[in-house]
Amino acid sequence: MGVALEIHRACRARLEAHGPTRLDRVKVAIGELSAVEPEILRYAWEAVVYDGPDADAELEIEWRPARQVCDDCGEIEERVDGEWLRLCPRCELPLRVEGGRELDLLQFAFTPLIDVPRVETDEDDEGGSPTPLDGSESLP
Amino acid sequence: MSQAREVDVRQPILAANAAAADTLRERFAAAGTLVVNLISAPGSGKTTLLEVTVPRLRALGLRMAALEGDIATERDAERLRAAGIPAYQIVTGGTCHLDARLVSAGLDQAAFGPLDVLFIENVGNLVCPTSYDLGEDLKVALLSVTEGEDKPFKYPGIFARAEVTVVTKADLLPHVPFKLDEAQAQVRTLRPDGRWIVTSATTGQGIEEWCAELVARVQAKGATRG
């Protein structure tokens, strides 16, 4: 629920300068190691936007699996999402785990509810540059 | 009505928490305080582990305090005060994890004074606390032998992040079907460089090893104090 609230809050903060608006769609990236279950997040999202101007806003979730990597053989392509290999299937060396920690707001779409003169902001897709994602959560 | 517009954002969803956690980290670094974020399922023995840890570290002259996160009640903070350290209870009122803003507010309220170690006992939950940076030096995952040995693969997020996994209630191993080797292999898969410590608060097994791990980290933190 906290994550759904933060998604909504972040979108709404960026819409403050646009007058009355309706959020139509929000796209997020959720990693396998983020400890967020997509279906529960969808449910929480519906509860967060329920009964407000964004009640019909669709939450689009881009799932990002973790990767298992062998120092000698590279990424293990045969890894199945949700299952974990103990050793490299080719050389039997221990594997490293990489990625899958994404918990990112990627994009949203909105509709102004009244015709107002357009306000350019840093956050606007046509006027500003995206905030870089924090890469500090890299795996050991 | 106007046409729909798209906005590229590309920022961490928990950016506000991350900023608050960075502020906490600076505060802890300046004070030379080691911060330990304890995360487990409810009933895994976080408070009990602290109850046996506190006397040993106090005997070494370390100054400690605890922030206790719980959905309701002051019980855990009372237990730790009885064990001899200042403890402040953060009652989250239904929220299933602590976040950096709650910790910051709790610290301001508690006014602990100078500390070598701050324990943050998170709300009993293996999912939600995983994603929230509290400005800690290390996350410690607790896994009791009365739980399933498949917990690490069921909750990979926390076991991949925890620098230390502490197995608790090891005195019960003869009486439960918990497969210690399997649990360890799962944790190693997710976190090859993590520490694995098997403990029992009842018999004292592993408690010295756990305390030595903390002491080494306190010394390392003190050495880097700005």
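**Entry 1: strand β7 of chain B**

My cut-offs: buried is 20 or more other C-beta atoms within 10 Å of the residue's own, exposed is 12 or fewer, partly exposed is in between, with C-beta atoms placed from the backbone. The strand spans residues 164-168 of chain B, and five of its five residues are buried. Strands here are DSSP E runs of at least two residues, helices are H or I runs of at least four, and both are numbered from the N terminus.

Housekeeping: residues count from 1 along each chain as its sequence is written, and chains are lettered from A and ligands numbered from 1 in the order in which they are written. Since I'm on a predicted model, local features need pLDDT of at least 70 and side-chain atom pairs count only at pLDDT 80 or more, while totals for chains, interfaces and linings use all residues.

**Entry 2: what pairs with β7(B)**

I looked up the partners next, taking two strands as paired if DSSP finds at least two bridges between them. Strand β6 of chain B (138-144) runs parallel to β7(B), joined by five bridges, and B:Leu143 sits opposite B:Val167. Strand β8 of chain B (195-198) is also parallel to β7(B), over four bridges. There B:Val167 faces B:Val198. From β7(B) the chain goes through α7(B) to β8(B) in a right-handed β-α-β crossover; that is, with the strands pointing away from the viewer, the path from the first strand over the helix to the second runs clockwise.

**Entry 3: chain B overall**

I count eight helices and eight strands in chain B. The C-alpha box is roughly 70 × 40 × 35 Å along the principal axes. Buried residues make up 50% of chain B. Of the contacts with a separation of 6 or more, 75% join residues 24 or more positions apart; a contact means C-beta atoms, placed from the backbone, within 7 Å.

**Entry 4: where B meets A**

The contact draws 31 residues from chain B and 38 from chain A. On the chain B side, β1 (5-12), α1 (15-31), α6 (156-161) and α7 (180-190) each give two or more residues. β1(B) gives the most, with eight residues. That side divides into 18 nonpolar, eight polar and five charged residues. I counted Ala, Val, Leu, Ile, Met, Phe, Trp, Tyr, Cys and Pro as nonpolar, Asp, Glu, Lys and Arg as charged, and the others, Gly among them, as polar.

**Entry 5: a sheet across the chains**

I then followed β1(B) over to chain A. Strand β6 of chain A (103-112) runs antiparallel to β1(B), with six bridges, and A:Phe110 stands opposite B:Arg5. Four strands make an open, mixed sheet in the order β2(A)-β1(A)-β6(A)-β1(B). β1(A), residues 21-31, is parallel to β2(A) over seven bridges, and A:Ala29 has A:Glu62 as its bridge partner.

Definitions and conventions:
Contact = placed C-beta atoms within 7 Å.
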